[in-house]
Each structure stands twice: as C-alpha cells, then as structure tokens.
Amino acid sequence: MTKTRQTDVAIIGGGPAGLAAAIAARKAGAKHVTILERSHELGGILQQCIHNGFGLHRFQEELTGPEYAYRFIPEVQKDPGIELYLNTMVLDLSSQQEITAIHPDFGLVKLQARATVLAMGCRERTRGALSIPGTRPAGVFTAGTAQRFVNIDGYMPGKKVVILGSGDIGLIMARRFTLEGAKVEAVVEIMPYPAGLARNIAQCLEDFDIPLYLSSTVTTIHGKDRVEGVTISQVDDKWQPIPGTGRYISCDTLLLSVGLIPENELSQAANIPLDAKTGGAIVDENRETLIPGIFACGNVLHVHDLVDYVSEEAEIAGEAATRYALSKADADAKANERDKGRKAQQVVIKPGENVRYVLPQRLTPGAEADLFLRVTQPMEAITLYLDGVMLARKRQVRPSEMLKIRLRPNHWENLRQNRGDLDGKEISLTAALQPTQPTRLEPETVRGARP
Amino acid sequence: MGTKTHYDVIIIGGGVVGTAILRALSRLQLKIALLEKQVEIGWGTTKANSGIVHAGFHSTPGTWKAKLCVRGNAMFEQLSDELDVPFWQNGLMMVARTKEEEETLRHYYQQGLENKVTGMEMLDAEATHRLEPNLAPEISLALRAPSGGVVAPFELAMAQAENATANGAQVQTGLRVEDISHTGDEFVITTDDGNTWTSTYLVNSAGLFADEIAKICGLEIEPIIPRKGEEYLFDQSVSDLITHTIFPVPTPKSKGILVIPTAEGNLMIGPTALELPYKDDVTTTAEGLDEIFSFTQKLVPRLNRRDIIASFAGVRAGSPTGDFIFDSSHSGKAIHLRGIESPGLTAAPAIAEHVLKMLAKAGLPQKEKPDFNPRRPKVIRFKELSDAEKEQVIRENPLYAHVVCRCETITEGEIVDAIQRGARTVDGVKFRTRAGMGRCQGGFCTPHIVRILARELGVTPLEITKRGNDSQLLVAEAKEFLKGGKLHD
C-alpha cells in the first residue's frame with residue numbers, strides 16, 4: 001500500500017497564492033513545505049494572463065502575468081526545503097489533513113500535513129448557471145477558456161465576438177481579440193455599472209471603441225452548429241428583460257465573463273465551513289479556517305481583483321500555517337485545547353448595510369489586521385463603521401474594487417469602550433453614506449414627503 | 001467502399017432502439033450494418049432522453065407499449081450488467097395532491113396490476129414522506145414501483161453499438177440515407193456520400209425521420225408528431241434531495257414534468273411536451289424553464305434555480321396512434337418502427353426481440369453465433385475505483401493520473417479510451433466520459449480535450465468540432481487575421 005509522507009506545511013495549488021504561501025512558510029521556519037500542483041508548471045492562471053498591469057502595488061512595476069509569477073517561481077524551485085509535486089491532482093483532503101493525490105510516476109500519493117494551505121483558485125461561472133435560452137452551438141466560451149485558447153494554444157476561437165458580462169477577464173479578452181484582428185461587437189452588462197476595474201474599462205474598451213451596453217443581457221443564443229448571433233435586451237431594475245427591447249447582433253462567438261466562483265470542493269470534503277457571500281472558507285486574521293491547522297488564501301478564499309493582494313494574503317496564511325505546524329509539533333493534546341480556546345475568543349464580523357462581504361470574517365480581539373471588503377453598489381462619500389466605530393472615509397467605492405482597511409489599536413480601544421469584553425461577540429461592518437451629504441434617508445423628511 | 005458487401009440486414013438509425021436491434025442481430029450468423037446520419041451514435045432523440053426505465057403502469061393494458069415496456073424493464077438488469085452501463089433501480093413514484101388525483105392514481109395502480117408490473121405499492125402521506133422527506137407536504141398519496149430505474153441513455157446506445165461491433169456488426173455514422181429501391185431480391189440504399197448499400201432485409205429505426213424513410217419505401221402513412229422537451233440539470237451538490245423518480249399524475253399528452261435522479265447522479269427536471277412542426281428545434285426557452293421550474297417546485301419545494309448547471313432540449317417522435325407502430329413492407333422484408341415515444345427506451349431490448357420475430361417470419365434465418373460475446377469490456381471510470389485500483393491503473397497507464405475534467409474527475413486515460421471506442425468530437429468525449437458535464441461545464445477541460453482529440457486523431461485542433469458538421473470550436477490560428485496587415489474587415 002502507498003506509504004504516507006509527512007510534511008510541515010502542505011500547499012494545495014501552485015498559482016500565485018500557493019507560491020507566496022510556500023516562500024512565506026519557509027521564511028517563518030518551516031523545514032519541509034510541499035506544493036501540490038495539478039498542472040505541469042507553477043504559476044497557475046497567471047501563465048495565460050500575458051497582458052500587463054500586474055504588480056503595481058507590490059513591485060511598483062507593470063508586469064505581465066508570467067513575469068509576476070517568475071518573481072516567485074525561481075525562489076520556490078531552488079529551495080531544497082520546498083518539495084514540488086507537479087502534475088499532481090489532489091483527490092481528497094480530510095479534516096485531519098490527510099491528503100490523497102495522484103501523480104503519473106508515483107501513482108497514489110498520501111500526505112499527512114501538520115498544517116495545510118488551500119490555494120486552489122477559482123473557476124468561471126457558465127452559461128448553465130445563467131440558463132440563457134436558445135440553441136447550444138459551438139462558439140460559447142467562458143472568457144478564461146478563450147484566453148487559454150489564444151494565449152497558450154495559439155488558436156482563435158472566433159472572429160466576431162459578443163461578450164456577456166464586464167468582468168475583468170472579459171474586458172481583457174475584448175482587447176486581446178481586437179489586437180488579434182477579430183471584431184468585438186459589444187460588451188453587455190446586466191448591472192447599471194461595469195463589473196470590472198475602471199482602468200480596464202478605459203484601456204480595453206474605450207481605447208478600442210468597443211461599445212458597452214449597461215442594464216442589458218443576452219436573451220437568446222442563435223445558430224445550429226456554430227453561434228450565428230445573439231439577441232440582447234435591456235433589463236428592468238429587477239434584472240428581467242424588458243419585452244420589445246430585443247436587438248439581434250450577428251456574431252460567431254459569445255464569451256461569458258459573468259463572475260468567478262472559488263473552487264472549494266476539497267474544502268467541502270474536509271468539512272470546512274464556507275461563507276455563502278464569498279464562496280470561500282470563513283477565516284480569521286491568520287486566514288485560518290474553522291478547522292484548526294487548515295488555512296486558505298487567494299481566489300479560493302474570495303475572488304480578488306489584484307494579484308498583489310493575493311500574494312499578501314498568501315504570506316499571512318503561509319506564515320501562520322508554519323507557526324501552527326511548529327507549535328503542533330510540541331504536544332498535540334495541548335495544542336488541541338489551545339485551538340478551541342483561540343476560536344471561542346474570536347470576534348465574528350458580519351457585513352452590514354451596503355457591504356457585500358468582509359474578510360476575514362473572524363478576528364482575535366486586538367489583532368492589527370487588514371480588513372478586505374466589497375460594497376454592494378457604487379457609492380460616493382461613504383464612511384465605514386465597525387460596530388459604530390469609524391474606520392475610514394472613502395470618496396468613491398465600487399463593487400468591482402476591493403477595499404482594504406487597516407484595523408488599528410485605537411479602533412480596538414473604541415470597540416472595547418462601546419462593547420466591553422469582546423470575546424466571542426458578533427459585530428457588523430457598515431458602509432454609511434456620510435452625514436454631511438444631502439440624504440434621502442432622513443426619516444423626518446421621508447415621512448413629511450408622503451401625502 | 002471498394003468491394004461491395006451484401007448485408008443480410010441493414011438498420012437505418014443509430015438511436016437506442018436501432019442499436020438494440022443491431023446488438024440482438026449480432027448474436028446471429030448474419031452480415032449486418034447500421035447507418036446513422038449523425039456523426040455519432042445516439043445523437044438524435046436518445047441524446048436528450050430522460051433516461052427513465054419505466055415500470056409499466058403508465059401504459060394502457062394490451063398495447064405494445066404496455067407489453068414491451070414491462071418486458072424491457074425485466075431485461076435491464078442483465079443488459080446493463082453485460083454492457084457495463086450505469087443503471088440504478090431507484091424506483092418510481094407517482095404522486096397525488098387532491099382527491100381527484102388520488103382517484104387517477106388508483107386507476108394507474110390497477111392498470112399496473114393488469115400489465116403485470118411487479119412490486120407496486122400505494123403509500124399514504126406519512127409513508128411517502130418517510131421515503132422522500134423533501135416532497136411537498138400536500139402530497140397525500142403515492143404509487144411506488146420499485147422496478148423502475150434510471151439508465152444513461154446515450155451510454156446504453158453507445159454500448160449496444162460497441163458490443164455489436166465487437167461481434168462483427170458494422171456501424172457507419174455520418175451517412176444520411178437519400179434513397180431506397182428494391183430490386184426484387186435486395187434493397188439498394190443510396191447514402192449522401194454517393195455510395196450504395198445492399199441488403200436482403202431492412203429495419204427502419206430512424207426515429208423522428210422514420211415516416212420519411214417509410215415514404216421512400218412506398219408506404220402511405222401518417223406523419224410523426226415531433227414533440228419537443230426541455231430539460232434542466234442540477235449540480236451534484238443537491239443530488240440527495242430526492243431518490244425516486246417523481247411523476248405527477250399525467251396529462252393526455254405526456255407523463256408530465258418530472259424530477260429525475262439521473263444514473264450519473266445529478267437531479268434533472270423536465271421535460272416539457274410541446275408539439276411543433278419542426279424536427280430540429282432543440283432550443284431552450286425562458287418560458288420552458290419557467291414552466292418546468294414552477295411545476296417541479298410544487299413537487300419538491302427545495303429545488304433552487306441557482307443550482308441549475310445545464311439545460312438542453314430534444315425532440316421525440318410522437319406516435320399518431322398513441323402506441324408503438326410496427327409496419328412492414330416488401331413482404332415483411334422491410335420493417336418500419338414508428339412513434340417509439342416514451343417508454344421507448346425501456347422497451348428497446350424488447351422491441352429488438354419483437355423485430356427479430358418479425359424478421360424470422362419474413363424468412364430471415366436465425367442461427368446463433370457460437371462465439372457471441374454478450375459482454376462489453378469494462379470501461380474504467382477512475383473516480384469510482386478504490387485507492388488500490390487507482391494505483392494499479394496509473395501504474396499500467398500514467399495517463400490515468402492526469403485529471404482533465406476536475407469537476408467530474410475524468411482522466412486523460414478515460415478520454416483516450418473514449419476516442420479509441422469511437423469518440424470523434426468534444427461532445428462525443430463528453431457523453432462517453434462525462435468530461436465537461438460538471439459544474440464548470442467544460443470551462444477548464446475543453447482546451448485539453450480539443451488537444452487530446454487532435455493528437456489521437458492525427459488532425460489539427462482547427463478540425464475538432466463540438467458535435468460534427470460545422471461546429472468547429474476554433475476558427476483560425478492566432479495572428480491569422482492579421483496577415484495582410486489589416487485590423488478586422
């Protein structure tokens with residue numbers, strides 16, 4: 001039978017999150033780190049992202065995806081303390097951190113980790129998830145699939161393209177297809193505002209005169225063998241197509257850029273509780289999930305718009321996983337007790353008004369940590385409050401741009417003044433419109449305005 | 001074709017019925033062939049079949065449907081075992097919510113008894129909900145038939161064709177029959193590639209197009225009624241909601257909209273039953289989804305639209321008489337199967353038996369082959385193997401360690417095997433292996449499957465199609481559009 005190998009920190013996934021987590025784990029003192037990567041190379045999805053714009057925050061440089069990946073890959077490759085399993089698919093993860101994987105030469109691989117970092121990334125939402133009516137011809141691709149065809153395999157999946165959804169990959173692919181000599185007829189977005197980064201709207205659509213239709217969606221796909229066209233319609237404020245607004249656009253390809261979903265099948269196999277809003281695990285400031293010793297980072301935890309933040313998050317997870325693994329080495333029974341106490345003490349943070357999600361969802365009282373959050377709609381002039389304590393003001397916020405807010409000692413002091421002992425309490429984070437703004441929410445005014 | 005082969009029997013149509021007949025004939029010392037116009041077997045009505053192996057209480061006693069359905073059902077266990085096709089006897093439940101529906105349900109129970117359906121029972125509300133706790137609380141009575149099951153219809157058609165081929169039958173896909181003439185002692189069939197095929201006997205199992213083939217043979221018949229059905233498939237994460245296939249009390253036109261736990265483990269809801277003048281309208285519609293969803297939510301309220309991962313539609317061959325029709329022409333030497341609507345999948349092996357009897361009557365000699373092998377070699381389904389078996393298959397072929405479709409855990413080894421068994425297209429691989437059928441719907445694996453198909457078939461990725469004809473996935477090599485220096489036309 002397969003012999004079980006041991007490791008201090010197992011990292012599932014060798015993309016940007018896994019790479020940064022591995023390096024951080026070694027720096028924190030892990031003697032033996034194992035990366036399990038299903039592809040034949042490291043770097044994950046960055047390898048097909050040949051456009052630039054990566055690393056502005058972290059390296060103050062504009063790098064391509066592969067260049068960003070190669071800021072990490074050589075360090076991982078030359079480190080004898082990091083064991084690399086490429087072409088390795090993890091089939092199962094137990095809550096006791098037994099990992100089952102397969103490898104073409106080693107067959108079935110069993111690994112027992114002291115700490116595990118989940119870094120599996122995410123996948124794209126599909127047509128099925130949207131149930132777009134019509135035929136099912138060739139020529140309907142998710143934007144990422146099209147990106148792989150063009151950038152890795154060297155083939156064009158279409159010449160006349162409509163893109164549904166204004167997510168970043170869709171915008172990038174609008175530009176990519178245009179530069180390849182294809183014609184992008186339209187980008188269609190169901191929301192009244194774009195889903196992607198403002199810089200991508202400018203650099204990928206506006207610069208190439210590609211029309212963006214907001215509050216619109218694809219209502220029918222036409223074509224028997226291959227896509228021949230799509231009907232797009234305007235939608236009402238409940239996102240339902242408005243009858244009579246349908247317009248036919250001739251095209252041979254429909255790309256979908258309608259969102260990303262963290263890929264958490266393994267996390268579910270290990271019974272790790274997930275956050276319905278993020279689609280990823282519920283974690284604390286160390287990116288530790290509710291199963292002690294299992295950590296998560298990158299797009300498997302929540303979908304990021306910038307890889308720079310992925311690296312940062314992965315470093316937190318990699319370092320914390322190492323601390324856990326080394327402490328676990330001392331005395332297991334004691335460590336288990338400590339784990340329980342630690343989790344019970346944490347404060348739970350809930351997204352409040354105008355906030356879609358906040359991460360981490362749990363904090364150890366007093367922890368100086370960055371909060372990452374997304375708002376529910378574009379807003380101007382807001383103040384962010386954590387349980388009544390003001391954290392920050394923002395001039396302009398959009399759901400597409402993740403906000404990062406530092407939680408400092410004075411915030412904790414104020415929270416304690418308001419709530420006393422914080423252990424195990426639940427507090428909520430809200431994005432409030434600033435009181436200085438003329439506001440519709442004034443209760444007296446509303447009441448007075450009614451007949 | 002170089003030298004002309006004369007066949008004893010030629011079957012037109014490679015659906016689940018045509019391939020069942022082919023397999024039954026392959027037991028005999030005969031030269032037989034099957035012609036299918038689609039690129040692959042099972043791509044007509046079979047592909048979108050709900051996969052239900054009916055118990056037989058739906059059909060009016062004395063009809064072909066009743067007889068052949070009950071007989072076919074009894075044959076499925078052995079058939080699925082011999083052919084290694086996923087078959088799950090999950091049982092059927094027809095449920096009633098009102099006093100009126102309860103009356104109808106009792107009628108079906110009686111009908112089932114007359115049709116000799118085994119093991120049926122009537123369950124009160126409590127017993128029903130004990131078995132299926134997620135059924136709507138209003139459901140007051142259920143007719144349960146434990147002999148009912150589900151099978152993967154496309155795999156069954158494929159497996160029948162593969163097993164028949166292994167026993168000497170010939171299968172030709174991608175050939176449409178254009179003309180049929182009879183010289184007095186043989187049929188001459190002209191296909192759209194200009195070739196002719198000759199046979200002594202002919203079986204028309206062309207499904208939706210059986211009326212057109214019958215007309216070419218000179219029969220005066222009522223046309224097939226095309227009946228479209230849409231179906232919606234759920235993610236495997238909600239598979240545990242329901243175990244039995246749930247039927248409402250039927251309407252005159254159809255068995256109604258059902259909740260079906262498929263043999264592959266996904267829940268499916270559908271189908272609609274819309275009579276249309278078209279045989280090729282396989283579009284899904286917003287209305288169809290609304291109809292199916294609002295109907296099935298009344299059966300299983302916990303179904304959630306968000307969990308739908310795929311939708312599809314098929315057209316079935318509605319019978320002008322309401323029963324299966326077995327016509328013959330040319331002194332019984334040509335047999336025409338028409339209106340093989342539900343429960344045609346269940347009845348398929350019994351239909352094959354019946355067709356063999358008809359052919360025997362018309363003079364076809366039926367001498368068993370001494371070396372007939374009823375078993376199809378076991379297909380490796382990696383995900384279902386034990387750890388030790390996984391280790392073993394990887395050692396024998398490292399391609400089984402490369403997971404191509406991660407949602408369904410389908411390996412490159414399985415994909416190469418599917419291509420060796422006849423897959424020529426991305427959908428052909430998908431329907432044989434389930435690669436691309438999971439929650440990401442081919443997002444990750446499509447580029448890999450295209451590459452593997454191109455490699456194994458010795459063609460460029462540009463030639464790989466989704467499902468034959470003009471359904472290419474890729475249109476040009478990168479930079480091709482830029483040659484000549486012009487940015488789009």
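## Helix 10 of chain B

Helix 10 of chain B is mostly covered, with seven of its nine residues buried. This is a predicted model, so keep that in mind as you look around. The buried residues of helix 10 of chain B are B:E412, B:G413, B:E414, B:I415, B:V416, B:A418 and B:I419.

What do those buried residues of helix 10 of chain B pack against? Their partners are strand 21 (403-405), strand 22 (410-411), helix 11 and helix 12, each from chain B. Once helix 10 of chain B is done, you run into B:G422, which has a positive phi near 125°.

## Where helix 10 crosses helix 12

Now look at how helix 10 (residues 412-420) of chain B sits against helix 12 (residues 446-457) of chain B: their axes come within 10 Å and cross at roughly 45°. That angle makes helix 10 of chain B oblique to helix 12 of chain B. The crossing of this pair in chain B is right-handed.

On the helix 10 side of chain B, the residues in the contact are B:E412, B:I415, B:V416, B:I419 and B:Q420. Helix 12 of chain B brings B:I449, B:I452, B:L453, B:R455, B:E456 and B:L457. Sorted by class, the contact between helix 10 and helix 12 of chain B has seven nonpolar, one polar and three charged residues.

## Helix 5 of chain B

Next up is helix 5 (residues 153-166) of chain B, with 14 residues. From first C-alpha to last, helix 5 of chain B reaches 20 Å, close to the 20 Å expected at 1.5 Å a residue. Helix 5 of chain B is largely enclosed by the rest of the structure, because 12 of its 14 residues are buried. Among them are B:F154, B:L156, B:M158, B:E155, B:Q160 and B:N163.

Which elements do the buried residues of helix 5 of chain B pack against? In chain B, the helices are helix 1 (16-25), helix 2 (64-83), helix 8 (344-361) and helix 11 (426-433), while the strands are strand 8 (149-151) and strand 9 (170-172). Just past helix 5 of chain B, B:G168 takes a positive phi of about 100°.

## A:T145 in chain A

Hop over to chain A and you'll find A:T145 in helix 6 (residues 143-153). Is A:T145 buried or exposed? A:T145 is buried, at a relative accessible area of 4%.

Setting aside neighbours within four places in sequence, A:T145 is in contact with A:E124, and also with B:G443 and B:P447.

Conventions. Residues numbered from 1 in each chain as written. Chains lettered and ligands numbered in written order. Predicted model: local features only at pLDDT ≥ 70, side-chain atom pairs only at ≥ 80, totals over all residues. Heavy atoms only, no water. Axes fitted to C-alpha atoms, helices over the stretch in contact; angles between N-to-C directions. Helix = DSSP H or I, 4+ residues; strand = E, 2+ residues; numbered from the N terminus. Parallel < 35°, antiparallel > 145°, perpendicular 65-115°, else oblique. Left-handed = near helix turned anticlockwise from the far one by under 90°. Contact = heavy atoms within 4.5 Å. Nonpolar A, V, L, I, M, F, W, Y, C, P; charged D, E, K, R; others polar. Expected span 1.5 Å × (residues − 1). Buried < 20%, exposed > 50% of the residue type's maximum accessible area, 1.4 Å probe, protein only.
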